[in-house]
Amino acid sequence: MSIIQKTATEQLALLQAGELTSVELTQAYLDRIEQVDGSIGAFLRVESDSALQQAATIDAKRSAGDSLGKLAGLPVAIKDILCTKDTPTTCGSRMLEHFQPPYNATAVEKLLSADAVILGRTNMDEFAMGSSTENSAYQTTQNPWDITRIPGGSSGGAAACVAADMAPLSLGTDTGGSIRQPAALCGCVGLKPTYGRVSRYGLIAFASSLDQIGPLARTVDDTALLLEVLAGYDPLDSTSVNRETPAYSQTVHQPLEGLTLGVVEQHFSEGIDAEVATSVQQAIQVYQSLGATIKSIEMPHADYGIATYYIIAPCEASSNLARYDGAHYGYRTDQAEVLAELAEDGSDEGPLVRMYRKTRSEGFGSEVQRRIMLGTYALSEGYYEAFYLKALKVRRLIRQDYDRAFEQVDLIIGPVTANPAFAKGEKTSDPMAMYLEDLYTVTANLAGVAGISLPCGFTSAGLPVGLQLQSAPFEEEKLLRAAQMYQSATDFHSRRPELS
Amino acid sequence: MSLTRQDVEKVALLARLKFDDEGLDKMTSHMVQIVEYVDKLSELNTDDVEPMAHALDVFNALAEDEPRASLPREEALRNAPKNDDEYFRVPAVLGE
C-alpha cells in the first residue's frame, strides 16, 4: 500500500515513530497531484516550494527533539476562502484575483501552530455560493468517481482532493451544506461544527450567522483529529464560544451505549433517489445491529428550510459583499471606460456610483449577483417584514423542531442529499433546482447545530452515497463517536475511485 | 406581489449592480421564480414567534478596552486598486 493510501492518523504514527519524514509524505502528495489533478481540477494553486520548506522545517524540529504540534508533518489543503497572509486568497472570484490578505485566518494560524504543512488552495464556488463548484471563476472540478459529474459544492475542491488521495486532510466551509454535500458526493467524511465552535476570523464572509469552517478527511478519526486543532474560543471572533475543546481524537473510538437515533419520515418521501434511500435505510439497520434504538421524529418545519435559507443567506450576503466597492481592495473597472459610458448614455449617475456598479457587475459572477439582488430586494423598504423578518421567525420554528427532537433522541440520522452526483451543466441554468440540493443540510445551519456526512454506500453506477448524522449544539464528540461506530462496521470509506 | 423588470432595475441600483437588457430579463425571470418559491413561508402563522437572527445567545461580547497595534497604513493600502500612499483614490465625487 502506498503511503498516500494510509489515513492521516496512520501517517502521523509513522512520522512520530521516525519511519517516515514529512518531506517524503509531502512529496508523495505533490507527485499524486501532478499525476491526477489535471483531470480533477481540485486545486487552484499548489504551493510545492513552501510546502516542502515547511515539511523540512518540521522534520528538522523532530530530529532536534523539539516539541511538535498535533498535526506535525501532515499535509493539509485549504479552501481558497481562508485568508492567508501575503498569499493570494481568491474566494473563487475574479473580484479577489490579486488579493493578498495582510493577515492569517485563525484556522490557518491554528494549522501552522499545529505544525501542519499547507499543500495548496482548493477550488470552490465563487464566494461559497453554489452546490457544484461550477460557479468558480477559474475552473471546474470533476468528481473523482466519474469525471463527467460535479463534485458538489461549494467545497468541491476540498472534497475531491481528499477523495482522490491528493491530500489526507482538508478545510472547507459550510453555510448551507457546503462541506457535507460535497463530502457525500465524493465519498469522504465532512463535518460542519456547531455555530461558534470554530473561529470565523479571516474567513471571507458569505452569510455570517450561518458560516462555519470544518474538516474533511477520509475517515472519522482523521476528521476528529483535525477538528480538535480547529476548534476553540478566539477573542478575534465575538461569535466563537468560550468552551473547552474535547479531545475528540482520544474518545472517537469509544462506542456509545444506549444510543437513540431519530429518523424523519419526510426525508424518505417524494424526490429521493431509490438507491440513495436504500443505502441510508441500510445504514440505519447497521446502527440497529450495533444496539441503537431508532425512533421516528417530527420536524414539522423542515420543508420550509430552503425558503428560509434563500431569504436569510442572500440578505446577509448582500450586506457582506457591499464591501467590494472597487476602492479598498479587489478588482476595479477601468476609469476611462466609466467616463466614456456615462458620456454615452447621458446618465446623471455620477462617476463614483457608476464605478461601483461597473466594477461589481464585472467582478462578480452571475450566481453571486443573483444572491446580492435577492438579498437587497428582501431587505428593501416594503419587503423587509414580508421576507426577512418572516424568515427569522421561521428560523426560530426550525430551531424549536431541533430542540424538541434532541429531547427525545441523541442524534438525527438521514440522507445528506436526495441524489448522487449530477452531470456537469445539468443544473446551471436552473437556480431553484441547484438550491434544492441543500434540502437536507440547510436546517442545521439555520439552527446552528452540528452535522457530519460519511460514506454509506454506492449506487449501481458506482457513485458514493452519504449518510448524515446531526447533533445538538456542541455535541460533536457524540457525533464523531457515533460515526466511528458505523465506520468500524462497514468498509465504504476505504473504497477508492480508479484514476489514471 | 409580483416582481417587475422595473423593480429589478431599481434593486440593481440599490445593490450597485448594472445589467444590460438581456441580463435584466434573465435576472427578472430568475428572481420571480425564487421569490415565488420563498413565498411558501406565508403559509405559516408566525404571529407569536420571536425572530431569530442568530443561533447563539451571546450578548455584548466586548473586548477589553486596551489599545493594540492596528494595521500599518502601507499594509492597509497595499491591496487598493488605486492609492496615493496616503488615501484610497476614487473617481471625482463632486461635480466640476
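In which loop of chain A is A:S154 found? A:S154 is in the loop between strand 3 (117–122) and helix 5 (156–163) of chain A, where helices (H or I, at least four residues) and strands (E, at least two) are DSSP runs numbered from the N terminus. The model is predicted, so that local features need pLDDT of at least 70 and side-chain atom pairs count only at pLDDT 80 or more, while totals for chains, interfaces and linings use all residues. Residues are numbered from 1 along each chain as its sequence is written, and chains are lettered from A and ligands numbered from 1 in the order in which they are written.

The peptide bond from A:G153 to A:S154 is cis, with omega near 10°. In the loop between strand 3 and helix 5 of chain A lies also A:A128, which is not a glycine but has a positive phi of about 65°. A:A128 counts as buried because 30 C-beta neighbours lie inside 10 Å; a residue is buried if 20 or more other C-beta atoms lie within 10 Å of its own, exposed if 12 or fewer, and partly exposed in between, with C-beta atoms placed from the backbone. A positive phi, near 60°, is likewise found at A:C91, a residue other than glycine. A:C91 is placed in the loop between strand 2 (75–79) and helix 4 (106–113) of chain A and is buried, with 29 other C-beta atoms within 10 Å. Most residues other than glycine have a negative phi, and most peptide bonds are trans.

A:V189 belongs to strand 5 (residues 189–192) of chain A. This residue counts as buried, since it has 29 C-beta neighbours inside 10 Å. Leaving aside neighbours within four places in sequence, the contacts of A:V189 include A:A183, A:L216, A:V220, A:I452 and A:H493; two residues are in contact if their C-beta atoms, placed from the backbone, lie within 7 Å. The C-alpha atoms of A:V189 and A:D221 are separated by 9.8 Å, the two residues being 32 residues apart along the chain.

Chain A is divided into domain 1 (3–259) and domain 2 (304–387), with bounds that come from an automatic or database domain assignment. Between the C-alpha centres of domain 1 and domain 2 of chain A the distance is 31 Å. Domain 1 of chain A brings 20 residues to the contact and domain 2 of chain A brings 17 residues. On the side of domain 1 that touches domain 2, ten residues are nonpolar, seven polar and three charged. In this classification Ala, Val, Leu, Ile, Met, Phe, Trp, Tyr, Cys and Pro count as nonpolar, Asp, Glu, Lys and Arg as charged, and the others, Gly among them, as polar.

Helix 11 (335–345) and helix 12 (351–363) are elements of chain A. Their axes come within 10 Å and cross at roughly 110°; axes are lines fitted to C-alpha atoms, for helices over the stretch in contact, and angles run from 0 to 180 degrees between N-to-C directions. Helix 11 and helix 12 of chain A are therefore roughly perpendicular to each other, given that angles under 35 degrees count as roughly parallel, over 145 as roughly antiparallel, 65 to 115 as roughly perpendicular and the rest as oblique. The contact is formed by A:V338, A:L339, A:E341 and A:L342 of helix 11 with A:P351, A:R354, A:M355 and A:K358 of helix 12. By class, this contact has five nonpolar, no polar and three charged residues.

The contact between the chains takes 53 residues from chain A and 41 residues from chain B. Helix 14 (385–408) of chain A gives the most to the side of chain A that touches chain B, with ten residues. That side of chain A has 28 nonpolar, 15 polar and ten charged residues.

Helix 13 (residues 366–379) of chain A and helix 2 (residues 21–38) of chain B have axes that come within 11 Å and cross at roughly 60°, which makes helix 13 of chain A oblique to helix 2 of chain B. Elsewhere in chain B, B:A53 lies in the loop between helix 2 and helix 3 (73–77). B:A53 touches A:S209 and A:L392, not counting residues up to four places away in sequence, and counts as partly exposed, with 13 C-beta neighbours inside 10 Å.
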